[in-house]
Amino acid sequence: METNISAAYRPVIEVKNLYKIYRIGENKVRALNGVDFSIGRGEFCSVVGASGSGKSTLLNMLAGLERATKGEIIIAGEHMETKNESQLVLFRQAHVGFIFQSYNLMPNLNAIENVALPLTFQGVPKEIREKRAIKMLKMVGLGKYVLHKPGQMSGGQQQRVGIARALVVNPEIIFADEPTGNLDSATSLEVMQLMQKIVREKQQTIVMVTHDNYLAGFADRIIHIKDGKILKIDNNKTTIGEAEYNEEQSILQ
């Protein structure tokens, strides 16, 4: 653990000596090659790296979607590597929310129904799950769009529905996979600021994977990964403002 993290630091995610090795013919590909880190409760952490760096593999393993070749993944005090598939499904339903690059909304369902979907799987009664879904939609600024279907909303609005869906189960951890990958720069800024707000107000942990170093800078901590290894971990408690973001975007364009 870094010495500049306070004594009150409480990890909700711990990764120890983690390896993921794929066999392709007679060759071994080390997607992850001895990774160690921890993430505190209520932290916004980004994992940044180029395509093929191992960041998506790492996210999938944290979420229990892929098995480790070697090592430990401890989330909310529970070892992921010891759980069977049914146990992992139950763990994800109870503790984890997901935000996807492609939104992954059901086109035939309205915003309330899409957000309430995880609660449906948990067996929550319809009246309760709809009330919670509306509350989450209002929180992400979509109170006027609760009956809209995905095809009636912009990309940014659809991603906000995706964020509301991730929040509706009140998860300890939210995993976000390139959540602004399909959005323009102005909408990306709105989504990143919304994610910062969630961490501040709800004290939930967010782990975001991105290839964009600038967007990674919205997080409290930035894990830089290359060739399956962590190059460095930056602590970054400053909040990037709209003016700085727009200036950066104008330079990049």
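How many Å² does the accessible surface of the protein come to, and what share belongs to carbon and sulfur atoms? The surface comes to about 12500 Å², and 49% of that belongs to carbon and sulfur atoms. Such areas come from the Shrake-Rupley method with a 1.4 Å probe; for residues, only the protein chains shown count as cover.

This is a predicted model: local features need pLDDT of at least 70, side-chain atom pairs count only at pLDDT 80 or more, and totals for chains, interfaces and linings use all residues. Residues are numbered from 1 along each chain as its sequence is written, and side-chain values use heavy atoms, leaving out hydrogens and water.

**Aromatic pairs**

The structure holds three aromatic pairs. Rings of Phe, Tyr and Trp (its six-membered ring) pair if their centres lie within 6.5 Å; planes under 30 degrees apart are stacked, over 60 edge-to-face, and the rest tilted.

| Pair | Centre distance | Plane angle | Type |
|---|---|---|---|
| Phe98 and Phe175 | 6.0 Å | 40° | tilted |
| Tyr214 and Phe218 | 6.5 Å | 85° | edge-to-face |

The Phe98 and Phe175 pair links distant parts of the chain. Phe98 lies in strand E6 (residues 96-100), and Phe175 in strand E7 (residues 173-177), 77 residues apart. Strands here are DSSP runs (E, at least two residues), numbered from the N terminus. Phe98, Phe100 and Phe175 form one aromatic cluster.

**Burial**

Buried means under 20% relative accessible area, exposed over 50%, and partly exposed in between (1.4 Å probe, protein chains only). Phe98 is partly exposed at 22%, whereas Phe175 is buried at 1%. Tyr214 and Phe218 are both buried. Of the 253 residues in the protein, 49% are buried.

Key:
Helices (H or I, at least four residues) and strands (E, at least two) are DSSP runs, numbered from the N terminus.
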